[in-house]
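This report covers chain dimensions, helix packing, backbone torsions and strand pairing for the structure shown below.

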Amino acid sequence: MLSYIIKRSLYMIPTLILISMLVFTLIELPPGDYFESYVAQLLASGETVDPQKIEFLRREYGFDLPPYQRYFKWVIGMVQGDFGYSFEYQLPVREVVGDRLWFTIFITFCTIIFTWLIAFPIGIYSATHQYSWGDYGLTFIGLLGLATPNFLLALVMMYFAKEYFGTSIGGLYDPEFIDQPMSWAKAMSILEHLWIPVIVIGTSGTAGMIRRVRANLLDELRKPYVTTARAKGMPEFRALMKYPFRMSLNFFIADIGSILPSVISGAEIVAIVLSLQTTGPLLISALQSQDMYLAGSFLMLLAFLTVIGVLISDIALAILDPRIRLAGGVSR
Amino acid sequence: MPEKKRQLLQVEDLHVSFAIQGGRVEAVRGVSFSMFKGTVVALVGESGSGKSVIAQSILRILPSNGTIDSGRILFHDRELGKKPVDIAGLKTRDPYLYQMRGGRISMVFQEPMTALSPLHTVGNQIEEALRLHRNMGHAESKEETVDILRLVGFPDPKGGYERYPFELSGGLRQRAVIAMALICNPAMIIADEPTTALDVTVQAQILKLMKQLQKKFDTAILLITHDLGVVANMADEVVVVYHGKLMEAGPVETIFNHPQHPYLKALMAAVPHFDMKKGERLVSLRDMGKEKVNAVSEFSSRYRVRGFEDKSEPHLVVKNLGKEFITRKGSFFTAGEDSKVIAVDDVSFEIMPGECLGLVGESGSGKTTVSKLIMRAISATSGQVLMNSKSGMIDVLGLNGPDLFEYRRKIQMIFQDPFSSLNPRMTVKSILLEPFDVHKVGDPESRERDVVDLMKLVGLDPRFLNRYPHSFSGGQRQRIGIARALALHPEIMICDEPVSALDVSVQAQILNLLNDLRTELGLTSLFISHNLAVVNYVADRIAVMCRGKLVELAPREVLFANPVHPYTKSLLASVPYPDLDRLLDFESIQYTGEDYTSTWPDAFKPNENSGLSAIHLENGHVVLANENVDLRELV
């Protein structure tokens, strides 16, 4: 088992190297660089530009070097914890991302838990009561959630939150806490605002998850070992939990790998609508202004999270499923 | 009944139906029978006869769309109360049912692989019943589980407790399922086709085990099966059902010696058995009638394999054929070691023109691999395959490109599973046209005519051509498969277990059809099967394979009368006959486990000085034995 985990972790290295190359290429693809768009912006607003200063900045940040050298500079810096410098914010990338990253991870985490809490009981109910009114009703509600555009739901929810709970519009906390250090009051304010993005981002994922839990469980419910368990005299619910449900978890754990990035990247539009202090809007603006280090580091971060998510799900699967653990006659 | 025994279970006028789209289907229509304590009752019938539904009704584990419409199932169990309880009348979640299931009535299932959860250890799944019914702690229940595993013949019961089902062989898995059924010492066990999925030698071992344990614990067994051989060896009483109705019931002696009902008589005549004379036909349950035989003669002139005036030269020669499968265990970073599995090991045989060679072996013996090698579906590691075709000698393994393509027309295959071997999205017509298309044979008109002829040849109405495979029964699908194989006028036909997925009655039809086609068309064929009786019915000579090696080859009468190799002997000794005078000799059946050669005489094992080689006895009888062995020692 230990050797499996080590082996599996080592697989991450070539994967991440490949991803970093891909990310770098993607960022390099659009013509021009940050300084060109900066100059264009200055000219557009009627200001004069000192070409020498721009040239100096270019050299300073290594933009005159050939791409592969810049690539290595970037990668080596990242390994050492230096994610480069954001031109737009005039700050190191690490400081720009900073808090936002934690908020993002926090919201993502809450959303995943929310999705599971809702989707699992409903999915199990739908599967065990297939084609009943309950199944149809819950499926209908779930599909409504899937079909409603997230930004619209976000606007509606904000309105109702303001109307009935007096929650301030937008943001993750009340305006007076901006740039304040973390305190009890600020934490409470975050919790007060948190439920809107969690529900908004969670609904669409929940609907999909319900369908998948239902489909997977239905497949398993028809398997003969379920009959075996019933023939043994197991109470229905206990048998359901121990055998088919446990089997249907496999798909779901395999899904963790893809759930992390999809929740983070899927939430960008919603984050802008709700003016959340998360990473989504930052990424979008960085891509727009060709803020190369910021965007690149960001994409790398997402990739890293994905790879970690897949690693977690692989290890969890191996723990949960002996067929994977003992595949190929591995000794116990 | 030798002595008066206490009544245990009474099924009275049971009616069960299933809700399906647009109505209800009655699966069981008024079945009554009773079981006594410590007796074995066999419930016999074809698939769809409702026998499994009766079992599910007794345990009340019918699928959710099934309901018991009327009738009573009375269970007299002293441990659960003085009075008999009507199981059919209880509510779905009645506590009595949970006590009864697994505790007083338990079940053994057909597929030991799918009946066990792959995620839980065997021990965990067995002791669960103890925990549920006996309120035992972990240490105590583990001890009992290990005990019962020892009782059912696990070679290493402590280790077996920790195993997962996929780590065990089919026979051991079924032993685990039996252990699970026995652990609470129930009054009754329902065994639903407990040995159908197993090899014949393993089947004999499992039957022996069930018989032993049944005697030991005085448990009643309701044995559900379609195999009359199993019935003859196990049952005290027999209940025959057909289409949900009871046809005949009585003590096993009466049933076998004086069958009354025409259905039962027909069922018995439909099973191939070893005492059949050459040329004797099976009587199929629902005969196809006369027109089919005429059809065969009508078309045989066109489909007949021509050009073999000289029948002394073999049609197909297989020489020292070998196949190794290599599985890589390495990973991205480590080279890993390759593990080699020898699937086919130095196999040689010949098939004469127009002859049918039977290839017998248990699962994993390499018989299907041999057929794939001959078909060039996979490539051989060593050896030679020669085909003496009309167009001259062909070195099959050396063929490439257009020559290989041309070869495919000469040899065709009939597959085991009539359901997955036909594309469900193609009509029968397009299935039958495909070979012509692929090989660019004929024009649209002639193809049309050929397809109609093919349908008649296999005894199907040409009007069915536009239907899809799902609207046919298993037997009819197999006919379509045969028609497809015949489309290009092959010289050699390979039949890979063509009837093992079919019911007894349909099996007889298909075997008769294959026999007719073979004699009428003069086809050379290789018939692969695990069922000795079936091979005996169709084959002229029989080859026996064991773990990749061909251990014995002889004309069929010689092989059955005078088997030489110990493996052939054990195979023959394991076949249950539907005949009360020739019961299995349970004493001689032993659990061999992995080391299957341990009971073989030295003459059949290689030693340091000499390996194994094929030794020719008289009458074309070949046996694989030690090179230095004395011929007289063998016979």
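The structure is a predicted model. In chain B, B:His243 sits in the loop between strand 9 (237-242) and strand 10 (245-251). The phi of B:His243 is near 50°, a positive value in a residue other than glycine. B:His243 is partly exposed, with a relative accessible area of 45%.

B:Arg547 also has a positive phi, of about 50°, although B:Arg547 is not a glycine. This residue lies in the loop between strand 19 (541-546) and strand 20 (549-555) of chain B. With a relative accessible area of 42%, B:Arg547 is partly exposed. As background, most residues other than glycine have a negative phi.

**Helix packing**

| Helix pair | Angle | Axis separation |
|---|---|---|
| Helix 2 (residues 34-44) and helix 3 (residues 51-60) of chain A | about 160° | 11 Å |
| Helix 14 (residues 428-439) and helix 15 (residues 444-457) of chain B | about 120° | 10 Å |

In chain A, the angle between helix 2 and helix 3 is about 160°. Because angles over 145 degrees count as roughly antiparallel, helix 2 of chain A is roughly antiparallel to helix 3 of chain A. The crossing of helix 2 of chain A past helix 3 of chain A is right-handed. On the side of helix 2 of chain A, the contact is made by A:Phe35, A:Glu36, A:Tyr38 and A:Val39, and on the side of helix 3 of chain A by A:Ile54, A:Leu57 and A:Arg58. By class, this contact between helix 2 and helix 3 of chain A has five nonpolar and two charged residues, and no polar ones.

In chain B, helix 14 and helix 15 pack at about 120°, which makes helix 14 of chain B oblique to helix 15 of chain B. Helix 14 of chain B passes helix 15 of chain B in a right-handed crossing. Helix 14 of chain B contributes B:Val428, B:Lys429, B:Leu432, B:Leu433, B:Phe436 and B:Asp437 to the contact, and these meet B:Arg447, B:Glu448, B:Asp450, B:Val451, B:Leu454 and B:Met455 of helix 15 of chain B. Seven nonpolar, no polar and five charged residues make up the contact of helix 14 with helix 15 of chain B.

Which residues of helix 20 (residues 566-574) of chain B are buried? They are B:Pro566, B:Tyr567, B:Thr568, B:Leu571, B:Leu572 and B:Ser574. The elements that cover these buried residues of helix 20 of chain B include helix 7 (200-217), strand 13 (356-361), helix 18 (532-538), strand 19, strand 20 and helix 19 (556-561) of chain B. Strand 19 and strand 20 of chain B are also the strands on either side of the loop that holds B:Arg547.

Strand 14 (residues 382-389) and strand 15 (residues 392-395) of chain B pair in the antiparallel sense over four bridges. A hairpin of two residues joins strand 14 of chain B to strand 15 of chain B. B:Leu386 has B:Asp395 in strand 15 of chain B as its bridge partner.

**Chain A overall**

Chain A has 14 helices and two strands. Its C-alpha atoms fill a box of roughly 85 × 60 × 35 Å along the principal axes. Of the 332 residues in chain A, 45% are buried. Among contacts in chain A between residues at least 6 apart in sequence, 73% join residues at least 24 apart.

Terms used: Residues numbered from 1 in each chain as written. Chains lettered and ligands numbered in written order. Predicted model: local features only at pLDDT ≥ 70, side-chain atom pairs only at ≥ 80, totals over all residues. Heavy atoms only, no water. Axes fitted to C-alpha atoms, helices over the stretch in contact; angles between N-to-C directions. Parallel < 35°, antiparallel > 145°, perpendicular 65-115°, else oblique. Left-handed = near helix turned anticlockwise from the far one by under 90°. Contact = heavy atoms within 4.5 Å. Nonpolar A, V, L, I, M, F, W, Y, C, P; charged D, E, K, R; others polar. Buried < 20%, exposed > 50% of the residue type's maximum accessible area, 1.4 Å probe, protein only. Pairing = 2+ DSSP bridges.
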